[in-house]
Amino acid sequence: MSKKVSPIPKGYRTVTPVIVVRGIQDAIEFYQGCFDAEPSQQILSPDGLTVAAATLKIGNSFVRVMEESLENKILSPSALGGAAASLHLYINDIDTFWKQALDCGARPITALQDAYWGERHGIVVDPFGHHWSMASKIENLSKDELVARAKEAFAC
């Protein structure tokens with residue numbers, strides 16, 4: 001008798017982000033070197049040689065990376081002219097991780113800064129056009145403190 005198969009693979013959550021890139025092998029190498037991603041699985045194209053998709057583990061989360069396929073309307077930010085979504089990373093040492101991301105070729109969209117909502121936060125765009133918001137929580141705020149800081153931050 002065969003062992004029961006779990007419908008959700010071990011370690012996965014209910015939602016797994018999928019990002020589409022042009023140049024999947026370069027993207028895998030970038031995410032490994034820049035975001036300390038660990039390859040978990042690769043799916044090959046019918047030719048048996050080309051990677052069509054890969055699952056990477058970043059921290060305790062999985063992200064699937066897919067090669068762009070214009071004929072199937074699976075489009076990367078390069079084809080779309082910009083990113084349609086952003087991924088968010090919580091990082092233990094945000095300053096070191098931020099520097100590592102920039103050293104690897106990510107470009108800042110917003111500066112790394114202490115944000116009014118209690119996080120040290122910044123946003124980068126990777127060489128494949130994907131936006132990565134990243135933060136470390138630096139303080140716990142009450143609802144009233146958060147409202148007061150938001151009013152102050154957006155005061156004209």
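Here's a quick briefing on how this protein is put together. Keep in mind that the model is predicted. Its secondary structure comes to four helices and eight strands, and along the sequence these follow the pattern β-α-β-β-β-α-β-α-β-β-β-α.

**Overall build**
- The C-alpha trace spans about 60 × 45 × 30 Å along its principal axes.
- Of the 156 residues in the protein, 32% are buried.
- If you take contacts between residues at least 6 apart in sequence, 52% of them join residues at least 24 apart.
- The protein exposes about 10,100 Å², and 54% of that comes from carbon and sulfur atoms.

- Four strands make an open sheet with mixed pairing, in the order 1-4-3-2.
- Strand 1 (18–21) and strand 2 (38–44) sit at the edges, each pairing on one side only.
- From one strand to the next, the twist averages 25°.
- Strand 3 (residues 51–58) and strand 4 (residues 61–67) run antiparallel and are joined by six bridges.
- Isoleucine 58 has serine 61, in strand 4, as its bridge partner.
- Helix 1 (residues 24–35) lies across strand 1, strand 2, strand 3 and strand 4, and runs at about 10° to strand 3.

**A nonpolar spot on the surface**
- Leu70, Leu75 and Leu80 make a nonpolar surface patch of about 270 Å².
- Leucine 70 is in the loop between strand 4 and helix 2 (77–80).
- Leucine 70 counts as exposed because its relative accessible area is 52%, and the cut-off for exposed is over 50%.

Definitions and conventions
Residues numbered from 1 in each chain as written. Predicted model: local features only at pLDDT ≥ 70, side-chain atom pairs only at ≥ 80, totals over all residues. Heavy atoms only, no water. Pairing = 2+ DSSP bridges. Helix = DSSP H or I, 4+ residues; strand = E, 2+ residues; numbered from the N terminus. Axes fitted to C-alpha atoms, helices over the stretch in contact; angles between N-to-C directions. Contact = heavy atoms within 4.5 Å. Patch = residues over 30% accessible without salt bridge, like charges linked within 9 Å, V, L, I, M, F, W, Y side chains within 5 Å. Areas by Shrake-Rupley, 256 points an atom, 1.4 Å probe, with all protein chains shown as cover. Salt bridge = Lys/Arg side-chain N within 4 Å of Asp/Glu carboxyl O. Buried < 20%, exposed > 50% of the residue type's maximum accessible area, 1.4 Å probe, protein only.
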